[in-house]
Amino acid sequence: MEKILFKHNGTPNLETLATYRSLGGYEGLKATLALKPEEVVDVVKRSGLRGRGGAGFPTGTKWGFLPKDVYPRYLCVNADEGEPGTFKDRQLMEENPHLLLEGIAIAAHAIAAETVYIYIRGEYEKSIERVERAIAEAQAAGVLPERLKLSIYRGAGAYICGEETSLLNSIEGERPEPRLKPPFPAVAGLYGKPTVINNVETLCCLPDIITKGPEWFAAIGTPKNAGTKIYSVSGAVRKPGNYELALGTPLREIIFNHAGGLHDGRKVKAVIPGGASAAMLGPDQLDIAMDFDTLAAAGSMLGSAGVIVIDDATCIVRSVLSLSHFYQHESCGKCTPCREGTYWLLEIMDRLEHGKGRMEDLDLLGRVSKKMAGRCFCPLGESAFVPIMSSLKFCRDEYEFHIREKRCMV
Ligand SMILES: Cc1cc2nc3c(=O)[nH]c(=O)nc-3n(C[C@H](O)[C@H](O)[C@H](O)COP(=O)(O)O)c2cc1C
């Protein structure tokens, strides 16, 4: 399969303008600037590209929501990458920052935005440095349209900053808490103006969509899940890393053909297919196609495609406890169901893991989750109970063992 995002991986000095251009870089932007913005939106709509930040929303359709004749418009690049198990945007920014810049300039032309904020996770020092240097190089060489103003914003250090409206608040200097929607950012986003927020990987797909055509892109993957996807694979595999494969690649192929399979004698206990917020899959679901729609139909989600493999030597209660700790720590506290719910889920998970659990706790976890479901202000709270409830579905015996024996089963 032809790669789009990692096709030049391993090329020495790929991060420099000279190397990127010698490989055909910025040709997509040149072709874009000869098109009218609405023509670019149409090309992206026809490509079938869906957002790679987690929700899988069609990119061209999102751009089409901007109200006519309202200016200025902003483009915000979501490079916060806070989802546990996800580390793809980092590799893209470190190894190929000009690919991102070209994608940004194409998107900015399509939505007629002249100001771009690139919101990069604060801990990503090397990404920040590489993108900063790439901007300086491209501007000095006159590769980017002169009117395009690009600023890097260092992330404020919380998972919630990646949620698009919290990201806008963070750029505005407010507390990174989610905003009520509607109005959606397309209508009233940054400083109340029409704004598009796109993920790094989404934007990096654009240059090839322009140069090779939307039909070429749409032919990769499955009919409603076009293109390639970077799967970040971690956990109990021999070769953890980022793998760019066609959308819809079976999970089994990702784990065993690409990530090297499990260590000797180990078996899959569970797999988180799309970052911490995605419901776990059991070992009998390894043949599932890894795309937005198939995973949603199976009650999970592709999310950011952070694939975390848990093997039979790992205690599921302990693994879930660490995720419960993450959600409790990262809850911004704005809404009560999330603030209180994540606290109580952590309390219960903590006593289960440490031999102080009671059988009734398993039902209590379900009751707390029910009180949170559909009542939280944003998807963070709606996700906090997902690892617990999904693991209870097929590892209940392990939870019960923990309560009875006051120790791990493995
Ligand atoms: C708690 C939370 C954290 C998120 N973190 C990120 C993130 O780090 N990066 C990202 O691109 N999207 C993240 N998202 C999704 C964004 O809100 C948004 O959907 C995405 O940036 C849109 O870009 P796309 O259309 O290109 O996918 C997060 C969402 C939630 C609810």
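**View 1. The ligand sits between two domains.** Domain 1 (17-219) and domain 3 (316-405) both contribute residues to the shell around the ligand, so it lies between them; the domain bounds come from an automatic or database domain assignment. This is a predicted model, in which local features need pLDDT of at least 70, side-chain atom pairs count only at pLDDT 80 or more, and totals for chains, interfaces and linings use all residues. Residues are numbered from 1 along each chain as its sequence is written.

**View 2. The shell around the ligand, residue by residue.** Here you can find the 23 residues that surround the ligand, with Gly-51, Gly-53, Gly-162, Asn-199 and Thr-202 the closest. A residue counts as near when its C-beta atom, placed from the backbone, lies within 6 Å of the molecule. By type, the shell divides into 8 nonpolar, 9 polar and 6 charged residues. In this grouping, Ala, Val, Leu, Ile, Met, Phe, Trp, Tyr, Cys and Pro are nonpolar, Asp, Glu, Lys and Arg are charged, and the others, Gly among them, are polar. Both β4 (195-199) and α17 (379-384) supply at least two shell residues, and β4 gives the most, with 3. Helices (H or I, at least four residues) and strands (E, at least two) are DSSP runs, numbered from the N terminus.

**View 3. Val-77 and the largest nonpolar core.** This core has 122 residues, of which Leu-75, Cys-76 and Val-77 touch the most other members. Its largest share, 10 residues, comes from helix α6 (residues 97-111). A nonpolar core is a set of buried Ala, Val, Leu, Ile, Met, Phe, Trp, Tyr and Cys residues joined through C-beta atoms within 7 Å. Leaving aside neighbours within four places in sequence, the contacts of Val-77 (C-beta atoms, placed from the backbone, within 7 Å) include Ile-104, Tyr-117, Asn-198 and Leu-203.

**View 4. Gly-85 in its loop.** Look for Gly-85 in the loop between β1 (74-79) and α5 (88-95). Gly-85 is buried, with 24 other C-beta atoms within 10 Å; the cut-offs are 20 or more for buried, 12 or fewer for exposed, and partly exposed in between, with C-beta atoms placed from the backbone. Not counting residues up to four places away in sequence, Gly-85 touches Ser-232, Ser-234, Ile-272, Gly-275, Ala-276, Gly-306 and Ile-308. Asn-257 is 172 residues away from Gly-85 along the chain, and their C-alpha atoms are separated by 19 Å.

Technical notes:
Two residues are in contact if their C-beta atoms, placed from the backbone, lie within 7 Å.
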